[in-house]
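User: Please take a close look at one part of this model, the interface between the two chains. Keep it brisk, and spell out the cut-offs.

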Amino acid sequence: MRRVRYFIRVQQLREISLLLILAAVIYFFGREIEDYYTARMYNRIATQVALIAVIAVGQTLVVLTRNIDLSVGSIVGFTAFYLGDQLSKNPNIDLETAVAIAVGVGATMGLVNGLIVAYGRVPSIVVTLGTLAIYRGLLVEYSGSQSIQFRQLPDWIKTLPSEVLYENFGLDLRPLPAIAIGVMLVFQVVLLYTIFGRRLYAIGSSPEAAELAGIPSRRMIMLAFVISGALSGLGGFMYLARIGTITTDAARGLELQVVAAVVVGGVNIFGGSGTVFGAFIGVILISTIELSLIRMQINEFWKDALLGAFIMVAVLIDTFIMGWLRALWSRTELRRASSVQKVQSI
Amino acid sequence: MKLLERYPWLRRWETLLFVILCAAVFINISLSEHYFNIDNLANIFHLSIEKAFVVLVMALVIINGEIDLSVASVMGLSASVLAYEFEKGASLESAISYAMLAGLACGLANGFFVAYLNIPSLVVTLAGLIAYRGAARILLEDRSVGNFPEWFTSFALDDVYVSIPTLLFVLVGLILIGTLVYQFTNLRQAVEEGAAFRFRKPGPVGLVLITVLAAVLVYMLALSSGAFEATTYVFAVLYLISLGILQFTNFGRYIYVIGNNRAGAEYAGLRVKQVKMTIFVMSALMAAFAGLMYAARVGNIRANAAEGFELDIITIVLLGGVSIFGGTGTMVGVGLSLLVVLNLRNGMSLRNINDNTRASVIGALLILSVLIPNWAQTIQRFLPRTLSGDNLTLDLENKEARESTETA
């Protein structure tokens, strides 16, 4: 037991338990549904995960600083539409430019959020509730209530989601999930090992202390919003690639799904704790449950009720069992520390 | 600047909202001849009356430092329970009571998790938002249920021609004036201690403004008999009740205290958990009632009834000057912001501006409502000292001190 404690930190317990729950969920559905372990099911879940995960990573950065970004759904919708419009007007835009456009537009929108939150000292929930409506309004004004049709898009983006980068055991690695995994890994490293990442945790744990320690909180918070916006822009690109037909209602309500996934992934809504990896597993868990329930076809109308109940259960488990485990962990840590002290004093 | 110092109420958010409201009404009148028409004025309320109901309790929830994202789903659930029971052949009365019971259950669940298990309300009600909507989907699946009895829909649809509501509203107007007189004069002192009757601080400008406000209110209400639906009257009564609860009862004061400083309230021996539980139950019950009103008005219920209303509701409350962190905000501000939002929406829809653009104007207003006061503060800090507010108050104090020594 003690040796285990050396290798696993308290935060990692949460991710391990999430992985166990995920395994249990997959095992359960595998028993209930025939032909569950197929490449088709896997690809469907992977594509869904990819879209939400990219946005959830950005949301995690924002939530870590004790803020929330409710405007992500509207940013995804706007960038998807804007990019689709640009692509249908000049079809010779290539992949890199398209991604750059999407990320740039998203980052600009995130910058507006960030500036108002960090330098205007307006609570983030107020700002992003407002921009949720404003960006959606921009989309409607820009589109003139038209929609982007799948056939207007250039060929490369139509085939992009179904390309296979790497194949093994019948499981393909397709571009969209690859992007999501890449983004997740990059930001996991950023959060764990860079000054910026550690500062985000510091700000979320105690804004006053962070300020006193000389951390430029405002700039950091603004940057978190910019990244969230940029990743939502990337999500907009993926949304366009996956769905193809973009209406003015595109990605409406996505923000609540993302926040739910982040919360299930063990990111504290009051900031300061949680990891990108956890949020990623949260997304996988929620998407798996959602798509498997649809696949189960016992009654597709049960999906939302079960999902809501599941989120509640996950949070309850997190609050109680994790609280208890953490207390246990820290108590033994304390005991070890005090015994070390005794040895030193002798 | 001096005016602001002289009359502190001029600096209140409610005053600014009132000015915005006047501007909105004025612009609406000048832009469309259909605006100032009894039927349109009644329509302003009629089309969003359910949101208005929920706004009242949402204000209490947010002042208490919590948030309830699940209200729209509870509205949808209660409407769906009503439709489901009615479709099964139950009488409408029992269907209504089942719908309210469903609301009660949602409220108890939310309150239990938030108050007794200490899980953040944002998380609990986000799960509730998904789960209660899911429950509505289980009940109604993809059917649409309508054909409610006449008496039920007429409650929300028919204009009330009886003159009793008019009398009621004149009475309410008088009560309002009475309250204002009570607030701004030393009437109580005069009666209890026999002191000379005089007006308090607000001075002539304030009184004129209040009289104009009251006159407009009474005039509009008197004019309205026969144009408003019963639900609008119900709303007006509920508004006054919630104003009374928040401003004049112990419970209302507890809501503020807990929102301001939860730990402090606990140390002071307040039953924080019970208060939070009560508020969440109130919120869900009101949402369930609003869901029934929605069913009565629309007359046709699907499982996605009232979807997405929560953002509108929260926007109205926050625009009313209620802090998202709890502890501040008044019912007067919330009422004014409701009027501002409804009037702006109505004016824009008369100009054929589409729904999403209307929403984004309200969103911009929401952000500016917090941003502008913050800017004003910052600018004040950078102004030369003689102009800044701190100095002025100091001067005033000195002046008063000087005067008191002179008279002595």
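This is a predicted model: local features need pLDDT of at least 70, side-chain atom pairs count only at pLDDT 80 or more; totals for chains, interfaces and linings use all residues.

**The interface of chain B and chain A**

Between chain B and chain A there are two residue pairs in polar contact, both at pLDDT 80 or more. A polar contact is a pair of N or O atoms within 3.5 Å; within protein, one must be able to donate a hydrogen and the other to accept it, and residues adjacent in sequence count only if both atoms are side-chain atoms.

Residues are numbered from 1 along each chain as its sequence is written, chains are lettered from A and ligands numbered from 1 in the order in which they are written, and side-chain values use heavy atoms, with hydrogens and water left out.

Now the elements. On chain B, α7 (121-140), α16 (309-319) and α18 (355-382) each give two or more residues to the side that touches chain A. Helices (H or I, at least four residues) are DSSP runs, numbered from the N terminus. The largest share comes from α18(B), with 14 residues.

Next, the totals. In contact (heavy atoms within 4.5 Å) are 42 residues of chain B and 40 residues of chain A. The buried area is about 3400 Å². That is the accessible area (1.4 Å probe) that two parts lose on being put together, summed over both. Carbon and sulfur atoms give 80% of the buried area. Ile130(B), Asn356(B) and Ile367(B) supply 16% of what chain B buries against chain A, more than any other three residues.

One residue on the chain A side deserves a look. Gly137(A) sits in helix α6 (residues 124-143) of chain A. Not counting residues up to four places away in sequence, Gly137(A) touches Asn356(B), Thr357(B) and Ser360(B). Gly137(A) counts as buried because its relative accessibility is 2%. Buried means under 20% relative accessible area, exposed over 50%, partly exposed in between (1.4 Å probe, protein chains only).
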